[in-house]
Amino acid sequence: ITQLLHNIIIPTMPPSITRRRAVAVSLVALCGALAIFQSTLHKQQSPLSSSSSTEENVLGSSSSTSRRQLSEALPNGGCKLTWPKKPEPGTPITYAASYPGCGARMTWNLVEALTGLETGDDWNNNGRGSEVVTVKTHFPQSNGILPDFDERIHRAFIVIRNPLESIPSFFNHIYEMRNHLPVHSERAPVEEWVKWRNAYVDIEIAEYKKFVFYWMDRYTAENRHLLTYEGLTDDLIGSEVAKGLNEFLGQVEGVDPIEQDSVPCVWKAVVKNQPPAEQAAQIARLQAAALNKPQSEQGPPYSPPEQQQPALRRRLDPGHHDSQRKGPAVPRPYTPQQLDSMMNMLLEIGERFKMEDVRLYHIMMGYYEKVREARIKTTPDESVDPPPGGYF
């Protein structure tokens with residue numbers, strides 16, 4: 001410091017300032033500069049230390065991984081939602097497999113909130129490639145593919161939903177794409193559903209069975225985890241279902257998910273759109289911005305496998321929670337023949353895995369019961385048999 005004063009700072013001061021005064025002024029300036037440097041260094045080391053953090057510091061910046069921190073578990077089961085970071089090199093990847101309309105977007109966000117790690121998808125829409133903790137895919141349904149690094153993935157969690165509900169939900173997305181609407185913003189009119197249903201529902205019933213068969217056959221019981229959209233979104237058991245997913249995700253090296261006591265807080269924020277009070281306004285602004293963004297890519301109302309276009313895939317938005325679709329939430333009608341086909345498909349899946357996974361069998365029989373109720377309403381005078389051996 002003395003050498004700096006004599007050789008650089010003092011010679012540059014005006015002649016009217018005495019040497020003693022110049023030294024004093026210079027020392028004050030240097031102390032101030034050191035204080036600013038120390039403060040800046042401290043902030044870089046503790047980006048979340050301030051209780052009045054900006055939205056970027058709390059929720060992160062999509063263009064700056066240096067500020068991303070793991071999701072935080074707070075005392076008494078609390079949580080703070082933050083942006084994820086890249087997994088460490090070599091971290092095993094898990095498939096997040098779901099039939100369309102089963103909450104892929106919601107599950108995408110939930111995994112990132114639970115693990116604090118980035119997720120990807122089969123079409124690599126976010127450009128993260130294999131540097132992810134999970135890869136979302138609808139494969140072998142015709143809107144999904146397997147990534148180039150498929151051989152490196154040795155486990156999966158599988159999300160299913162009653163096809164009575166998942167197929168219309170899938171069509172809502174198709175309708176949004178076709179009409180240049182923001183994602184998860186509108187329910188398709190019934191008349192549009194009927195036209196699409198008549199052309200494609202039989203295909204989707206077959207695709208649903210193919211999807212379940214593929215993922216149940218590909219991995220052994222210890223390397224797969226089955227959950228239902230109905231369970232994950234249920235007010236009573238949803239947080240427990242999320243705990244099961246959290247535990248499965250944490251069974252591989254490099255993934256250290258949030259503490260189980262804080263899972264209900266994360267689940268409530270992502271699935272039920274009830275974030276921690278101190279973050280509610282910030283997250284609401286992100287969601288409002290997401291809802292105002294139309295989909296940047298458009299596609300046909302349905303794309304059979306031979307017509308798939310890899311470039312026409314939407315990018316999931318971490319600021320968006322589960323569906324906020326507007327419009328009448330009215331049942332989507334099926335023909336009696338379509339409902340019969342759906343029941344037969346569910347029976348086939350249940351019987352195929354009855355001995356291997358009795359839980360899946362019961363899920364299929366529960367779905368069958370709901371479809372049977374819809375079938376009875378279409379033709380009240382006809383008798384519709386329950387499944388062989390009962391439901392449970």
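A: Let us begin with strand pairing: two strands pair if DSSP finds at least two bridges between them. The model shown here is predicted. In this model, Asp121 stands opposite Lys136 in E5. E4 and E5 pair in the parallel sense, over two bridges.

Q: In what order do the strands of the open sheet follow one another?

A: The order is E4-E5-E3-E6-E7, five strands with parallel pairing. At the edges stand strand E4 (120-121) and strand E7 (224-228); each has a single partner strand, so one side of each is left without a neighbour in the sheet.

Q: How many bridges join E6 to E7, and which residue is the bridge partner of Ile160?

A: Five bridges join these two strands, which run parallel. Ile160 has Thr228 in E7 as its bridge partner. Elsewhere in the sheet, E3 and E5 are joined in the parallel sense by four bridges, and Tyr95 is partnered by Val135 in E5.

Q: Which way do the side chains of E5 point?

A: The general idea is that side chains in a regular strand alternate between the two faces of the sheet. In E5, Thr134 and Lys136 point one way, while Val135 and Thr137 point the other way. All four of these residues are buried, where buried means under 20% relative accessible area.

Q: Which strands does helix H8 lie across?

A: Helix H8 (residues 238-249) lies across strand E3 (94-98), E5, E6 and E7, and runs at about 160 degrees to E7. Helix H12 (residues 358-378) also packs on the sheet, where it touches E6 and E7. The direction of H12 makes about 20 degrees with that of E7.

Q: How many aromatic pairs does the structure hold?

A: There are 13. One of them joins Phe139 and Tyr214, with 5.2 Å centre to centre and 80 degrees between the planes. Planes over 60 degrees apart count as edge-to-face, and this pair is accordingly edge-to-face. Phe139 lies in the loop between strand E5 (134-137) and strand E6 (156-160), and Tyr214 lies in helix H6 (residues 190-218), so the pair ties together parts that are 75 residues apart in sequence.

Q: Why is the pair of Trp196 and Tyr200 called tilted?

A: The ring centres of Trp196 and Tyr200 are 5.8 Å apart and the planes stand at 45 degrees, so the pair is tilted. Both residues lie in helix H6, four residues apart, which is about one turn of the helix. Trp196 is buried, at 2% relative accessibility, whereas Tyr200 is partly exposed, at 21%.

Q: Where does the charged end of Arg155 sit?

A: It sits over the ring of Phe248, 3.9 Å from the ring centre.

Q: How many helices and strands does the protein chain have?

A: The chain has twelve helices and seven strands. Of its 392 residues, 49% count as buried.

Note on methods: Residues numbered from 1 in each chain as written. Predicted model: local features only at pLDDT ≥ 70, side-chain atom pairs only at ≥ 80, totals over all residues. Heavy atoms only, no water. Phe/Tyr/Trp six-rings, centres within 6.5 Å; stacked < 30°, edge-to-face > 60°. Buried < 20%, exposed > 50% of the residue type's maximum accessible area, 1.4 Å probe, protein only. Lys NZ or Arg CZ within 6 Å of the ring centre and 35° of its normal. Contact = heavy atoms within 4.5 Å. Axes fitted to C-alpha atoms, helices over the stretch in contact; angles between N-to-C directions.
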